[in-house]
Amino acid sequence: MEIGKKIWAIAEGYIPAWSNGPGREFVSHEAACILNANDTEAHLQLTIYFSDKEPVGPYKITVPAKRTLHLRFNDLKEPQPIPLGTDYSSVFVSDVPVVIQHTRLDSRQDANALLSTIAFAQ
């Protein structure tokens with residue numbers, strides 16, 4: 001079964017510079033939830049775009065066949081970490097169709113805020 005598209009964009013990106021609460025589950029973060037419903041492994045390249053400097057990437061991501069990956073942008077290290085407190089956008093290019101949903105947890109206040117939306121597919 002092929003579900004999804006090969007090119008996805010998330011125009012809105014921002015990882016808050018600080019968090020409120022204990023443990024990893026309360027760390028402010030951005031995530032791309034990637035579904036690969038195909039029979040073959042998905043290889044994605046991610047490029048990050050900024051308003052005031054050159055793009056960074058590609059970050060290389062693999063999602064096994066018939067699996068999902070909740071990729072935290074905070075966890076990306078190579079080619080460089082995503083800066084906190086900075087606006088950015090992202091583009092994913094995959095070799096097989098996938099589905100990508102964007103999620104943000106903002107825990108800067110005691111009352112946490114969660115945003116989630118489907119990414120733009122091409």
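**View 1. Leu 76 occupies the loop between strand S5 (67-72) and strand S6 (87-106).** The model is predicted: local features need pLDDT of at least 70, side-chain atom pairs count only at pLDDT 80 or more, and totals for chains, interfaces and linings use all residues. Residues are numbered from 1 along each chain as its sequence is written, and side-chain values use heavy atoms, with hydrogens and water left out. Strands are DSSP runs of E with at least two residues, and helices are runs of H or I with at least four, numbered from the N terminus. Leu 76 has a relative accessible area of 8% and is therefore buried (under 20% relative accessible area; exposed is over 50%, partly exposed in between, with a 1.4 Å probe and protein chains only). Apart from neighbours within four places in sequence, Leu 76 is in contact with Leu 46, Tyr 59, Leu 71, Pro 81 and Ile 82, where contact means heavy atoms within 4.5 Å. The C-alpha atoms of Leu 76 and Tyr 59 are separated by 7.7 Å, although these residues are 17 apart along the chain.

**View 2. Phe 73, Tyr 88 and Phe 92 form one aromatic cluster.** Rings of Phe, Tyr and Trp (its six-membered ring) pair if their centres lie within 6.5 Å; planes under 30 degrees apart count as stacked, over 60 as edge-to-face and the rest as tilted. By this rule there are two aromatic pairs. The ring centres of Phe 73 and Tyr 88 are 5.7 Å apart and the planes stand at 50°, so this pair is tilted. Phe 73 lies in the loop between S5 and S6 and Tyr 88 in strand S6, so the pair ties together parts 15 residues apart in sequence. Phe 73 is buried at 1% relative accessible area, and Tyr 88 is buried at 4%. For Phe 73 and Phe 92, the centres are 6.3 Å apart and the planes at 75°, so this pair is edge-to-face. Phe 92 belongs to strand S6 and is 19 residues from Phe 73.

**View 3. Ser 94 lies in strand S6.** Ser 94 counts as buried because its relative accessibility is 6%. A polar atom of the Ser 94 side chain lies 2.6 Å from the backbone oxygen of Val 96. Leaving aside neighbours within four places in sequence, Ser 94 is in contact with Lys 6, Ala 42, His 43 and Leu 44.

Technical notes: A polar contact is a pair of N or O atoms within 3.5 Å; within protein, one must be able to donate a hydrogen and the other to accept it, and residues adjacent in sequence count only if both atoms are side-chain atoms.
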